[in-house]
Amino acid sequence: MLRGMAAAFRTGWAIETNWASPLVNAFFSLLRPVGATLILVFIYRVAAGESSDPVLLAWLIVGAALWAYVMSALQGISFAVQQEREWLKVLKYVVVTPLPFSAYLLARSGTWLVWGTIRAVFVILVTVPVLGLPISFGAVNWGELVGAMAMGLVALAGMGMGLAGIALGVARHPMGVGEGVIGVLYLISGAIFPIGQLPGWLEATARVIPLTYWLEACRQALITGYDPTRFGVGDPWSPLAWSGVIWLGVGLWAFRWFNHRARADGLYDRTTDY
Amino acid sequence: MIDNRPGPLRHGLQTVLARAYPRVVGANREPSWVFFEVTLPLLATVALVMVYRALEAPARFEGYVILGGAMTAFWLNTIWNMAAQFRWEKENGNLELYLASPAGLMWILTGMALGGSFSTSLRAAAVITLGAVVFDVPFVWSGWPQALLILLITLSALYGVGMALSSLFLKFGRNAEQGISSLMEPVFLLSGAYFPVRALGLGAAVAGTLIPMTLGMDALRQVLLSGDAFELLAWPIEVLLLIVYAVVVMLIARWALKRMEHAAKVEGRLTLRWQ
């Protein structure tokens, strides 16, 4: 199984990166997250004017940087289904291999973890010295950071598998479903503004999503002088744990259900030209 | 013998209508696009408005996001419904049919742009409505006639850019698609889509004017938003610059399309998929 997953990972990596050399790949891959982060930086500068709140700016930047994982995971895993089925037309061959389909998908789209890490680390490494952010690598709580990242990424993988299942089942707009979910999460997970700004019912929804607590836990670990009571999330650890487990379970169950339905309805080789 | 064939202009307009027709009629046959193309993109706009609110910025800055969200919809239409379209037509096997037909490539692209404008205009209108009704952005409604003029001229320049970029997609295929896709956020940054472009500094702001959206948005903010618009240039000057830009970029597009079509034929790329 591990050999199969390694082969699937190499396949996904080749598909995603064989259009250019590694340096060119890395350059273009970093443009979007850097551009998105700089947009937030200039919004902050225009809105804040002469006043300066480095902790708030660091809060914004960390959210924007970590969002690279969310984009990569939720788009990458569901996009792999569309690629394999609609464009490469090999999905029906993949599902008859000895490697479980879920394992194949996770490994095939495993580039999301690599690219998400490269993008997030690059954004933080560049912005900390340039903007004078209160993130000191000697003061980072590495234990908390690693724990938060592990729990958050597992929850993300579960969400991605759920979206992959939906991509298997929908006739049109499989990518639109992924982008829509990302858009909704961007709005309600506290990525770039505190969840306290949301109406009550949306804030309540934000509090059952693991990403809200994942981002908060990472910010607490990274930012020096961070006040955990400032942005209204509270203690993130146990909510991250239970919500992550729930969303992982829901995602895997959804994938299993849609996969069964795809097998029953003969959807493995359906093409819709979308 | 009477020649009943249409003249070049009428033939071109027939081509535009023929290419726009499937986009408009096809969209109505599959109403799910309303949700995916209009509703979902509002989410990013709402998120950035909430950022300004979290930073306790004056309400006019929310207007920047609203107008930026509307204009970026047209930019995305230019890139994905126009510039990248020929590559996708190549993947579907339609490109060689286009080239073998008497229809000119620029007329076909114009039809694609106009057809795509149907859903794009709805999306832009939804963003503006959201801003006016939900976020209560203080638009200056008396400025709408000038705003429509600015928008039409900006779109002409934008679609000229789309035509020029389509030649890149024809030549470089997948590489161009990856490159252009990666440039989305940098384009929004340099064009000041969500904040005054002057905040970038004069040099970067001037460089940003290479993107027609920059001058268009700056002009729209001056006529539609009250208060200090942090303008780059007075809007009548920006309109004149956009007119010149549109003419120049259309000429470049015409030359580039012919060159790239010839180069693609010589290199055998016209029917090559996944390249």
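**Loops, helix packing and chain contact in the predicted model**

B:Asp136 lies in the loop between helix H7 (105-134) and helix H8 (144-172) of chain B. Helices (H or I, at least four residues) and strands (E, at least two) are DSSP runs, numbered from the N terminus. This is a predicted model: local features need a pLDDT of at least 70, side-chain atom pairs count only at pLDDT 80 or more, and totals for chains, interfaces and linings use all residues. Residues are numbered from 1 along each chain as its sequence is written, while chains are lettered from A and ligands numbered from 1 in the order in which they are written.

B:Asp136 is not a glycine, yet its phi is positive, about 55 degrees. It counts as exposed because 10 C-beta neighbours lie inside 10 Å. Here a residue is buried if 20 or more other C-beta atoms, placed from the backbone, lie within 10 Å of its own, exposed if 12 or fewer, and partly exposed in between. A:Lys89 also has a positive phi in a residue other than glycine, near 60 degrees. This lysine sits in the loop between H3 and helix H4 (91-94) of chain A. A:Lys89 has 12 C-beta neighbours inside 10 Å and therefore counts as exposed.

Confidence was examined by chain and by element. The term pLDDT denotes the predictor's confidence in each residue, from 0 to 100. Chain A averages 89, and 97% of its residues score at least 70. For chain B the average is 85, with 94% of the residues at 70 or above. Among the elements of chain A, H8(A) has the lowest mean pLDDT (85), and helix H10 (residues 210-222) has the highest (95). The predictor assigns the complex an ipTM of 0.87 and a pTM of 0.88.

The contact between the chains takes 30 residues from chain A and 33 residues from chain B. Two residues are in contact if their C-beta atoms, placed from the backbone, lie within 7 Å. On the chain A side, the elements that give two or more residues are helix H2 (22-48) and helix H8 (174-188). H2(A) gives the most, with 15 residues. By class, this side divides into 20 nonpolar, six polar and four charged residues. Ala, Val, Leu, Ile, Met, Phe, Trp, Tyr, Cys and Pro count as nonpolar, Asp, Glu, Lys and Arg as charged, and the others, Gly among them, as polar.

Helix H3 (residues 41-54) of chain B is covered in part from chain A. Its buried residues are B:Pro41, B:Thr45, B:Val46, B:Leu48, B:Val49, B:Met50, B:Val51 and B:Tyr52. What covers them includes H2 and H8 of chain A, together with helix H4 (59-83) and H7 of chain B. The 14 residues of H3(B) should span 20 Å at 1.5 Å a residue, and the end C-alpha atoms are 21 Å apart, which agrees. The expected span is 1.5 Å times one less than the number of residues.

H7(B) also holds B:Gly111. This glycine is buried, with 24 other C-beta atoms within 10 Å. Leaving aside residues up to four places away in sequence, B:Gly111 touches B:Thr15, B:Val16, B:Leu17, B:Ala18, B:Arg19 and B:Ala20. B:Gly111 and B:Pro22 are 89 residues apart in sequence and 9.8 Å apart in space, C-alpha to C-alpha.

Two packed helices are described by the angle between their axes and the distance between the axes. The axes of helix H5 (residues 85-92) of chain B and H8(B) come within 7 Å and cross at roughly 35 degrees. Axes are lines fitted to C-alpha atoms, for helices over the stretch in contact, and angles run from 0 to 180 degrees between N-to-C directions. B:Gln85, B:Phe86 and B:Arg87 in H5(B) meet B:Ser166, B:Phe169 and B:Leu170 in H8(B). Three nonpolar, two polar and one charged residues make up this contact.

The largest nonpolar core has 162 residues, of which A:Leu40, A:Ile43, A:Val70, A:Ala164 and A:Trp214 touch the most other members. Helix H3 (residues 54-87) of chain A gives the most to this core, with 20 residues. Such a core is a set of buried Ala, Val, Leu, Ile, Met, Phe, Trp, Tyr and Cys residues joined through C-beta atoms within 7 Å. Beyond residues up to four places away in sequence, A:Trp214 touches A:Ala148, A:Met151, A:Gly152, A:Ala155 and A:Leu240.
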